[in-house]
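User: I would like to go through the labels used for this model and the criteria behind them. Please begin with the surface charge.

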Amino acid sequence: MKQPDRITSAFTTLRVQMLSLAERITGNRDDAADAVQDAFVKLWQQRGRYDSVSHAQGAGMITVRTTSIDIARRNQRETDVPVEQAADVIAEADDQRTEVYQQVRQIIDNDLTQQQRTIIDLREMQGMEFDAIAARLGMQPATVRVELSRARKRVREIYRNRERRVEL
């Protein structure tokens with residue numbers, strides 16, 4: 001039997017079971033149908049790997065399962081917020097973002113070298129390319145990348161340490 005026939009046969013034979021499995025995982029018939037269709041496409045793209053219909057069926061069930069789990073996880077992240085609460089949720093997120101930004105800005109201003117502060121400001125705030133920063137500061141682009149990496153690492157470490165102290 002040809003490779004495409006194995007894939008098609010596997011999906012035709014197990015379509016009902018695949019839909020049932022996907023619906024149990026996703027909790028939604030439409031998402032289940034999407035999962036089965038996505039799984040078919042994934043297997044079709046690798047159709048040369050399956051030497052029998054039963055091999056294709058097993059791979060199909062596993063692919064439907066993992067695709068369904070991915071869809072279910074994606075849907076869990078997309079939480080529904082009632083319209084009445086949306087403004088409050090957005091305002092709270094903005095307040096938290098502003099607070100974090102202020103903390104990070106304070107770390108940059110107080111705990112980094114002047115060169116690191118300049119590189120972060122030019123790259124992150126002004127969006128300059130590494131070559132332009134290097135030319136402006138009389139450095140090699142590779143050195144700018146290294147200094148930026150070190151500065152980011154230092155900011156992360158200090159921020160995490162402060163967060164740990166707050167939790168205690």
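Analyst: Patches are made of residues with over 30% relative accessible area and no salt bridge, where like charges are joined within 9 Å and nonpolar side chains (Val, Leu, Ile, Met, Phe, Trp, Tyr) within 5 Å. This is a predicted model, in which local features need pLDDT of at least 70 and side-chain atom pairs count only at pLDDT 80 or more, while totals for chains, interfaces and linings use all residues. Residues are numbered from 1 along each chain as its sequence is written, and side-chain values use heavy atoms, with hydrogens and water left out.

User: What makes Lys153, Arg156, Arg160 and Arg164 a patch of positive charge?

Analyst: Lys and Arg count as positive, and Lys153, Arg156, Arg160 and Arg164 gather on the surface. The place of a charge is taken as NZ of Lys or CZ of Arg.

User: Is Arg164 called buried, partly exposed or exposed, and why?

Analyst: Buried means under 20% relative accessible area, exposed over 50%, and partly exposed in between (1.4 Å probe, protein chains only). Arg164 has 48% relative accessibility, so the label is partly exposed. Arg164 is found in helix α7, residues 141-167; helices are DSSP runs (H or I, at least four residues), numbered from the N terminus.

User: Why is the contact of Arg105 with Asp109 called a salt bridge?

Analyst: The term requires a side-chain nitrogen of Lys or Arg within 4 Å of a carboxyl oxygen of Asp or Glu. For Arg105 and Asp109 the closest N and O atoms are 3.0 Å apart, so the pair meets the criterion. Both belong to helix α4 (residues 83-111), and because they are four residues apart, about one helical turn separates them. Arg105 is buried at 18%, whereas Asp109 is partly exposed at 40%.

User: Which other residue meets Arg105 in a salt bridge?

Analyst: Asp121 does, at 2.9 Å from N to O. Asp121 lies in helix α5 and Arg105 in helix α4, so this pair ties together parts 16 residues apart in sequence. Asp121 is partly exposed, with a relative accessible area of 23%.

User: What makes the span of helix α5 close to the expected one?

Analyst: The expected span is 1.5 Å times one less than the number of residues. Helix α5 (residues 114-125) has 12 residues and reaches 15 Å from its first C-alpha to its last, against 16 Å expected.

How values were computed
Accessible areas come from the Shrake-Rupley method with a 1.4 Å probe; for residues, only the protein chains shown count as cover. Helices (H or I, at least four residues) and strands (E, at least two) are DSSP runs, numbered from the N terminus.
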